[in-house]
Amino acid sequence: MMEAKPRFITFGISHFCEKARWALDWHGIGYKEVSWPPGLHQVLAKRCGAKHTTLPIVLDGETVVQGSGAIIDWADQCTQDYSRRLNAPNAREIEQRADDVIGIHVRRLAYAEMLPRFPHLAKPALFSNTSRSHRLIGNMMWPVTRQVMMRMYDVRPGAAAESRAKLEAELTWLDSLLAGRPYFTGDRFSRADIAVASLLAPFAQPEEMPTYHEMSIPDALVADVERWRERPVMRWVAAQYQKHRAAESSSPQPASSQC
């Protein structure tokens, strides 16, 4: 009798969800992805036993794993192929900085440019792959959800400029940290590389992540994409997706062990 696959709960647009998705695919862990619409996700997360209302979440029987970093830990524990484990010296420190700066300000910049004046551009991606019943409820909640999101992510006058400046400084730091090296932590791919690549993907727009390069965005964000495209770290992101993402996302291998 086949074991049920874990459920992987996401926002389709979320770069933090892509970070966790990449780790699951890297380890060949089969899963059923389920997308929840914003707003309603807070109620659904509490119902499934999660401690917080943030996504991503993995539900594997009675096990609830919440947050991209925790899911990477869980995925590492699920595999018997030690050569593919994602921990490496200094990797967690770089991952944490990526979460706290890149992850936060990529999201804030995107929402600051879209939610106040162009919410119709954000909504399709936020609601993609949700069930019909959840989408109906999410649509009814959307006017309130949009306002809550703006408060939650500190979207106010000047927010876009602040986050853009933070990202400019961080891209400069990442360029210097790479300095032509293939990876951030020595000679092997690690959780630090997954974190930086996935969290920058909304602006790097790799072909292997069509959610980002196919969605419509305001002109200000298009200008950011074009301005940052040739930075060393952005070229590195594209290379990581080509080398380490295409095969995993298109045809994941069977998991070597199941948690």
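Predicted model: local features only at pLDDT ≥ 70, side-chain atom pairs only at ≥ 80, totals over all residues.
1. Helix α4 spans residues 91-114, 24 residues in total. From its first C-alpha to its last the helix reaches 32 Å, close to the 34 Å expected at 1.5 Å a residue. There is a bend of about 35° in α4, located at Ala-98. The helix is mostly covered, with 17 of its 24 residues buried.

2. The largest pocket has a volume of about 690 Å³. Its lining consists of 36 residues. Those nearest the centre of this pocket are Phe-11, Ser-14, Arg-107, Tyr-111 and Tyr-153.

3. Which helix supplies the largest share of the lining of the largest pocket? That helix is α6, with six residues. At least two residues each come from α1 (15-26), α2 (40-47), α4, α6 (132-152), α8 (191-204) and α10 (219-228). By class, the lining of the largest pocket comprises 24 nonpolar residues, 11 polar residues and one charged residue.

4. The second largest pocket has a volume of about 330 Å³ and is lined by 18 residues. Gly-12, Arg-21, Asn-129, Met-209 and Thr-211 lie nearest its centre. Elements that each supply at least two lining residues are α1, β2 (32-35), α5 (119-126) and α9 (210-214). Of these, α5 gives the most, with three residues. The lining of the second largest pocket divides into seven nonpolar, six polar and five charged residues.

5. The structure holds nine aromatic pairs. One of them joins Phe-8 and Tyr-31, whose ring centres are 5.3 Å apart. Why is this pair edge-to-face? The planes of the two rings stand at 70°, and an angle over 60 degrees counts as edge-to-face. Because Phe-8 lies in strand β1 (residues 7-10) and Tyr-31 in the loop between α1 and β2, the pair ties together parts that are 23 residues apart in sequence. Phe-8 is buried, with a relative accessible area of 0%.

6. Phe-127 and Trp-142 form an edge-to-face aromatic pair, with 5.8 Å from centre to centre and 80° between the planes. Phe-127 is in the loop between α5 and α6, while Trp-142 is in helix α6, so the pair links distant parts of the chain, 15 residues apart. Are these two residues buried or exposed? Phe-127 counts as buried at 6% relative accessibility, and Trp-142 counts as buried at 10%, because the limit for buried is under 20%.

7. Ring pairs also link several residues into a cluster. Its members are Trp-22, Trp-26, Tyr-183, Phe-189 and Tyr-241.

Note on methods. Residues numbered from 1 in each chain as written. Heavy atoms only, no water. Helix = DSSP H or I, 4+ residues; strand = E, 2+ residues; numbered from the N terminus. Expected span 1.5 Å × (residues − 1). Bend = angle between axes of the 7 residues up to and from the residue. Buried < 20%, exposed > 50% of the residue type's maximum accessible area, 1.4 Å probe, protein only. 1 Å grid on protein atoms, 1.4 Å probe; cavity = no way out; pocket = protein on both sides within 12 Å on 5 of 7 lines; lining within 4 Å. Points joined across faces, edges and corners; volume = space filled by probe spheres on them. Nonpolar A, V, L, I, M, F, W, Y, C, P; charged D, E, K, R; others polar. Phe/Tyr/Trp six-rings, centres within 6.5 Å; stacked < 30°, edge-to-face > 60°.
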